[in-house]
Structure formats: C-alpha cells, structure tokens
Amino acid sequence: MQSHYRTVIRKQDIGMRISALYRQQQLSIGILDVSSVEILKETIDWYIQNMNCSIHVIMLEERYEEYSFDELYPDVSFVLFKTLVSLGEQINAFANECYATYFLVVRSDIQMIGFSGSTLLSLMLDKRHPACITPIMLNLDMEVLPTIRTPYIKGREIVPMSFEPPIEIGKTALNLYPVMGIGLYDRALFQRLRGFDEEIVGEYYQLLDFGIRVHLFGYSLFTFSDFAVRFSQKHSIIEDRSECEGMERCYTRALSIHRIAGKNVVEKWKPYVDKKLLKEEVKSKQIILQKTDFFTLIKEWGYEES
C-alpha cells in the first residue's frame with residue numbers, strides 16, 4: 001500500500017508518467033535488495049550496462065538515504081519502504097509503479113546468465129497464457145537447483161514436490177509457483193489476479209497462494225530453460241514452510257472448491273479455513289471464475305514432464 005512506501009522516479013520516467021495512458025514500456029526490471037551495498041551496486045551497474053529498459057530497485061528508505069543512491073543512480077527508479085515488509089508486498093508495490101507490459105523480478109544476490117528477451121516475450125503470448133515465467137536457478141558451483149514445484153497433498157496438508165527443471169535448449173516445464181518470487185510477469189494479468197496476498201505473512205505461502213490461483217483460474221506458470229540465473233553466494237536455497245499467520249487464506253482459496261461434473265461446489269477444507277475469506281471471496285467470486293480444482297491439477301499435472 002502506498003502509505004508504506006514512496007517512489008523516486010528516474011528522470012526519463014517523469015514525462016512518461018504524465019503520458020502513461022498513451023505510452024507504455026514493454027519491460028521493467030525490479031531488483032530486490034537482499035545483499036551488501038557493494039553487491040547491490042555491482043548488480044545495478046550490470047543491469048544498466050546490459051539491459052536497455054527501465055530499472056527499479058526495491059529497498060529500505062534508510063539505506064537509500066545513507067548511501068546517496070539518488071546521486072549514484074539518477075537514471076534508476078527506487079521503491080523505498082520505511083520498514084521491512086514481506087516479499088509479496090515488495091513485488092506488489094513494484095508492479096503498481098513500473099508502468100510496463102511485463103515486469104521482471106530479480107535479486108541483488110543473483111547473476112543473470114541466460115535471458116533471451118525476444119523469446120521470453122514471445123512465450124508470454126503463448127496460448128497457455130502464462131502469468132509468470134521463471135528461470136532455471138544455479139548455485140555458486142553452477143549446479144542446477146530443484147526449483148520445479150508440483151501440486152501434492154499429504155494428509156490434510158499441501159506439500160508441493162520438488163524436481164530439477166529440464167536444461168535442454170528451448171524446454172519449458174510447468175511450475176506451481178515462482179520460487180523466491182523470481183520471474184517474468186504479465187503485469188495486467190498479475191493485477192487482475194490481485195497479485196500477492198499481503199495478509200499472508202510467510203513468503204512461501206504468499207508464493208504458493210499466488211501460483212495456485214494462477215492455475216485454478218485457467219492460466220499457467222512455467223520454467224524456461226533459456227532463462228537462467230546464478231546465485232553469487234548460495235550453495236542451496238531453503239524455503240521456510242512453517243505455519244504462519246494468514247496461511248489459512250492460501251488453503252481456503254486452494255481447497256474449498258471441488259469441481260464435480262463440470263460445476264464448482266464449495267466444501268470447507270478443515271482444519272485450515274478462513275471463514276471471512278470463504279464467504280466474501282470464495283463463495284461470491286472465486287466459485288464463478290475457477291476453471292479447475294487442486295485435486296484435478298494433481299491428476300493432470302504430468303509429472304513425467306518435470
């Protein structure tokens with residue numbers, strides 16, 4: 001929400017904001033500040049030199065002012081938060097501010113090692129209508145990380161399984177959600193799906209909730225082998241899947257609707273139910289828009305592709 005952040009617009013974008021209804025950039029890049037100041041500067045410098053598009057840095061206002069980023073980077077825009085906020089809130093703010101058809105979310109601790117811009121933008125127009133395309137992720141030792149997630153239920157819990165993505169040139173694989181939020185997003189579709197749920201506190205459940213909504217509403221999310229990033233310091237990535245405030249919202253959207261004989265039927269998924277969300281969103285809106293259910297996703301996913 002605007003009250004939690006402010007934006008510093010690069011000089012080139014001020015005029016574009018005035019005429020935003022008539023002109024729109026095709027791509028904007030958002031760099032999440034998650035590293036040292038030195039590594040952040042190196043990352044910004046690389047994107048300025050190698051990517052001819054608008055760049056935003058999402059960071060804390062205190063750090064921005066302490067290191068005079070406005071003087072260092074007059075041609076970069078900044079989304080500045082007063083306090084630490086969730087990943088979903090950071091990406092939502094960037095999506096609101098970037099004024100582009102597509103937006104790319106990266107982190108300051110990753111290096112872009114594969115990005116075929118024209119191919120990726122063509123894929124965004126694919127008949128599968130992807131809401132997001134995610135990259136292959138490699139660790140410090142150039143080993144491929146298992147960042148493909150597939151839908152699965154164990155008992156009463158959603159427990160996505162993990163696989164390594166295909167690395168052959170030009171290959172795609174369905175993915176349940178964008179791990180760490182990294183990926184190329186369709187901005188209009190992202191906002192039509194209402195982005196990430198800021199009432200969910202945990203990053204994992206924010207990402208899982210968004211990805212499941214994408215698939216349930218008939219869109220797709222996949223990983224593309226020609227799009228690759230490398231972590232500059234990590235040997236592995238660990239998701240915190242522990243219970244958190246708001247996780248019931250994810251379960252309520254994901255599992256409250258069963259599709260029976262072509263019709264959506266509401267059935268509470270206990271013990272994880274947000275009664276208010278069930279009444280105000282699932283029963284009144286989601287039941288009309290949902291194209292499939294989570295149980296069908298599990299059956300039809302096609303694990304052999306992953």
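This is a predicted model: local features need pLDDT of at least 70, side-chain atom pairs count only at pLDDT 80 or more; totals for chains, interfaces and linings use all residues.

User: OK, how many salt bridges does the whole structure have?
Analyst: The search turns up 14 salt bridges.

User: What does Glu61 form a salt bridge with?
Analyst: Its partner is Arg6, and the closest N and O atoms are 2.2 Å apart. Glu61 belongs to helix H3 (residues 61–66) and Arg6 to strand S1 (residues 5–8), so this pair links distant parts of the chain, 55 residues apart.

User: And is Glu61 buried or exposed?
Analyst: Glu61 is buried, at 16% relative accessible area. The cut-off for buried is under 20%. Arg6 comes out as partly exposed, with 32% relative accessibility.

User: Which salt bridge is Arg253 in?
Analyst: Arg253 meets Asp197, 3.0 Å from N to O. Arg253 sits in helix H9 (residues 247–255) and Asp197 in the loop between H7 and H8, so the pair ties together parts 56 residues apart in sequence. Arg253 is buried at 3% relative accessibility, and Asp197 is buried too, at 7%.

User: What about Asp209 and Arg213, how far apart are they along helix H8?
Analyst: They are 4 residues apart, which makes about one helical turn. Their side chains meet in a salt bridge of 2.8 Å, N to O. Asp209 is buried with a relative accessible area of 1%, and Arg213 is buried with 2%.

User: Which residues are linked in a network of salt bridges?
Analyst: Arg194, Asp197, Glu199, Asp209, Arg213, Arg249, Arg253, Asp274 and Glu281.

User: Switching to rings. How many aromatic pairs are there?
Analyst: The count is 20 aromatic pairs. One of them is Phe190 with Phe210, a tilted pair with 5.4 Å centre to centre and 55 degrees between the planes. Phe190 lies in helix H7 (residues 187–192) and Phe210 in helix H8 (residues 203–216), so the pair connects parts 20 residues apart in sequence. Phe190 and Phe210 are both buried.

User: Why is the pair of Tyr204 and Tyr205 edge-to-face?
Analyst: Because their planes are at 70 degrees, and over 60 counts as edge-to-face. The ring centres are 4.8 Å apart, and both Tyr204 and Tyr205 are buried.

User: Which residues form the aromatic cluster?
Analyst: Phe94, Phe103, Tyr185, Phe190, Phe196 and Phe210 form one cluster.

User: Last one: which ring does the charged end of Arg156 sit over?
Analyst: The ring of Trp269, 3.9 Å from its centre. Arg187 has its charged end over the ring of Tyr99, 5.7 Å from the centre.

Terms used. Residues are numbered from 1 along each chain as its sequence is written. Side-chain values use heavy atoms; hydrogens and water are left out. Rings of Phe, Tyr and Trp (its six-membered ring) pair if their centres lie within 6.5 Å; planes under 30 degrees apart count as stacked, over 60 as edge-to-face and the rest as tilted. Helices (H or I, at least four residues) and strands (E, at least two) are DSSP runs, numbered from the N terminus. Buried means under 20% relative accessible area, exposed over 50%, partly exposed in between (1.4 Å probe, protein chains only). A charge sits over a ring if NZ of Lys or CZ of Arg is within 6 Å of the ring centre and within 35 degrees of the ring normal. A salt bridge is a side-chain nitrogen of Lys or Arg within 4 Å of a carboxyl oxygen of Asp or Glu.
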